[in-house]
Structure formats: C-alpha cells, structure tokens
Amino acid sequence: MKLQRLGAIATLALTATFALSACGSDNNEPATGASGSAAAADCATGTLNAQGSSAQKNAMDEWIKAYQQKCTDAKINYEPSGSGAGISAFIAGTADFAGSDSALKPEEQPQADAKCAGGKAIHLPMVIGPVAIAYNLDGVDNLQLKPATLAKIFAGKVTKWDDATIKADNPGATLPSSAINAVHRSDSSGTTDNFTAYLSKTAEADWTFGKAKEWKAPGGTGAAKSDGVASAIKGQAGTIGYVEWSYAENGGLKMAKLGNGAGEFAELTAESAGKTIASAAVEGQGDDLKLSIDYNTKEAGAYPLVLATYEVVCSKGLAADKLPLVKGLLGYAASTEGQNSLTELGYAPLPETVRTKVEAAVKNIS
C-alpha cells in the first residue's frame, strides 16, 4: 500500500512517531526518543499464546515481528482462528488474550471475567479496520451502492447485477445481466458482526436478520476467514463480499463506494475512513474501552463501514509468567510506534485521544 494513500489517517490519528528503543528488562528505565517521550516496548521473556480475529492478523504479525526482533527471548503465537474462536479460547483458558472484532456478548462477559482473578476482562481497541465491499465484475470499475441496495443483495432479494435497484445507484453504468454471487463469512466472525450491525443501523427496512457473528441470511456462498472471502471474490466473476480493507488491497480487488448519512457515495480512502473513526465514542467504563461507531454519520465524505478490533485481556489476575510479556507486547501495539506501523498495512491508526487511553489501560494491567 502506498503511504500517500494513508497519509490523511496518519495525520488525523497520530501526532508524532517515536523510534523503538532497544529493549531492556521491566526493571530498567525506559529510553526516550528525540521528543523526550518514552519509547515503546518493554522486553520480557517467555511464551504467549493468543488467537482470534483474522481481520487483525496482518497487524498482529507486524507487532509480533517487531517486538521479537528487539526482544529475542520472547515467543509469541497468534492464531487467526476468528473472533468467536478467540473468545471461546480465552474463556477456556487456552488463550492468554483474544483478538475480537466485536465486544463480548452479555452472556460471555461473566464467563471471561471468571478467568481474571480479582479483575475483569476488558476490551482494548488496537486496530481500526475499514471494511471494504469488494467485488469482481468485468467492465464495472466505479460501483456505487446505497445501504438499502447492499442489504437487498446480501439478503438475497437482489440477485442480478442489472437489477433496477443497482441501476438506480449507478446511472449511466453498463451492468451485466449475470447472477450475483454474494460471499459471506462461514465462521463466527467479528467482521460479520460489524457488517450486520452496519446493515441493521443503515438499512433496517431491508435487513431483517439482526446483528451477529454468525451469518443468518439465506443463500449466498460462505468462505472461512478474511483471506477465504478475499480469495472467493478474486476467483469468480460476478462475486461481491465484505472483507477487511487490507485483504482487499492485498488481493487487488475492486471496492464499491458506499452511500453515507450525508447522502453521498464515499470511496474507501484513508481520509474518508478517518472521518468516521474520529466520530467514534468510548462507551466502556474505566479501562474497558469499547467503542461506539456511528454508521449513519453525516460527516461529508465519510466512509461509514469501519470496525474496531479489540484485544480482550484480563485487567488483573494474569499468571506471573505471562503478565510482563502481555504488557510488553500490548504496550508496544498501543504505542505511537506500534500504531504508526499499521499505515502501510491497510489499517487506520487509533485516534490519539483513544490511543493514549489504551496505552494507559495496558500499563494498569496487573
């Protein structure tokens, strides 16, 4: 991905970039960067096992690589098993933390809290991932879709590319009469949870299947994980699907413009996604930093379909041999250095007001 494409989000979300210092033990004084601010990454030894969101896989791979290069006695494993599997593993005690593209369900929260002796399971937003509506349609390069049209496609109500509903969104475009193959996630997925939340909020009359990690609408084609959806779209003409932006970019897929609350069709760019990110509110309490995203934002030029992917971790009660490494890795991920590393991967860095809260919450883990 070209840096200039992401420059607007970097400008919006980050105030400075600091060099990653050489790591020392947790008892050492942190080094400082040129600005005098503490540099990222406290080294620790041992092994971490985490799993969950495949949407954040590329971000997690980058953080793990950078951390382990500096902290050679650390071994960190992240399995992109999907958000639902990650939460289940955390509750079962087989994951030290979980990546999830949506918050714990009300019935999951007490089960997760039970794994945190003296504490609670908290949500730390680490990655903002715009969700692309990617498609494979020869001769159509600037597809535009209102939320209601998108809902009808994925609900199985619009089945041909030259349907009058799609034509109305694309005046002057030449659309084929071929069948639409709508691809959805077959596994329990936070991306699905966010996509269905978006449809529920923006196209309530046409989307009657609610918000859930599991796909509930009839028809369509299922594919496992983010890379599976991207591969399915790329592999068959006439296909459309929802996938995290970095996977659409890496696959060279076309992306539709989406209708927003301002009545515009917004292209997915760094700047347009950043406008929606900037309007997100923190709704959790204390160090529990769940975000509320306004899918109906009326900000001019805003691309409305974005998700926050969390690390779900214990605020207290981590095993003594895990605590320093969890804090070291997540502290690096939440640092300016760690967030800035996302700009070339198709992710949006956290707005600085949120980033500093996440960084402080990681420091409070005990």
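Let me start with helix 11, residues 323-334: twelve residues, reaching 16 Å from the first C-alpha to the last, close to the 16 Å expected at 1.5 Å a residue. The expected span is 1.5 Å times one less than the number of residues. Helices here are DSSP runs of H or I with at least four residues, strands are runs of E with at least two, and both are numbered from the N terminus.

Before going on, the ground rules. This is a predicted model, so local features need pLDDT of at least 70 and side-chain atom pairs count only at pLDDT 80 or more, while totals for chains, interfaces and linings use all residues. Residues are numbered from 1 along each chain as its sequence is written, and side-chain values use heavy atoms, with hydrogens and water left out.

Back to helix 11. Which of its residues are buried? They are Leu325, Val326, Gly328, Leu329, Leu330, Tyr332, Ala333 and Ala334. Buried means under 20% relative accessible area, exposed means over 50%, and partly exposed is in between, with a 1.4 Å probe and protein chains only. As background, an α-helix has 3.6 residues a turn, so residues three or four places apart point the same way.

Now the whole protein. There are 13 helices and 14 strands. Of the 366 residues, 55% count as buried. The protein exposes about 14400 Å², and carbon and sulfur atoms supply 48% of that; the areas come from the Shrake-Rupley method with a 1.4 Å probe, and for residues only the protein chains shown count as cover. For contacts (heavy atoms within 4.5 Å), take those between residues at least 6 apart in sequence: 75% of them join residues at least 24 apart.

Next, the disulfides. How many are there? Counting pairs of cysteine sulfur atoms within 2.5 Å, we get two. In the Cys43 and Cys71 disulfide the sulfur atoms are 2.0 Å apart, and the link is left-handed, with -75° about the S-S bond. This pair links distant parts of the chain, 28 residues apart: Cys43 is in the loop between helix 1 (3-13) and strand 1 (46-52), and Cys71 is in the loop between helix 2 (57-70) and strand 2 (74-79). Cys43 is buried at 12% relative accessible area, and Cys71 is buried at 2%.

The other disulfide joins Cys116 to Cys314, S to S 2.0 Å. Cys116 sits in the loop between helix 4 (108-113) and strand 4 (121-136), and Cys314 in strand 14 (residues 306-314), so the pair ties together parts that are 198 residues apart in sequence. The link of Cys116 and Cys314 is left-handed, at -75° about the S-S bond, and both cysteines are buried. In sequence order, the bonded cysteines pair 1-2, 3-4.

On to His184, in strand 6 (residues 181-185). Is His184 buried or exposed? His184 is buried, with a relative accessible area of 9%. Its side chain makes a polar contact with the side chain of Trp215 at 3.3 Å. A polar contact is a pair of N or O atoms within 3.5 Å; within protein, one must be able to donate a hydrogen and the other to accept it, and residues adjacent in sequence count only if both atoms are side-chain atoms. Beyond four places in sequence, the contacts of His184 include Gly219, Thr221, Val229 and Tyr242.

Last, an open sheet of three strands, order 5-10-11, with mixed pairing. Strands pair if DSSP finds at least two bridges between them. Strand 5 (144-145) and strand 11 (265-266) stand at the edges with a single partner strand each, so one side of each is left without a neighbour in the sheet. Strand 5 pairs with strand 10 (residues 257-259) in the parallel sense over two bridges, and Gln144 stands opposite Lys257 in strand 10.
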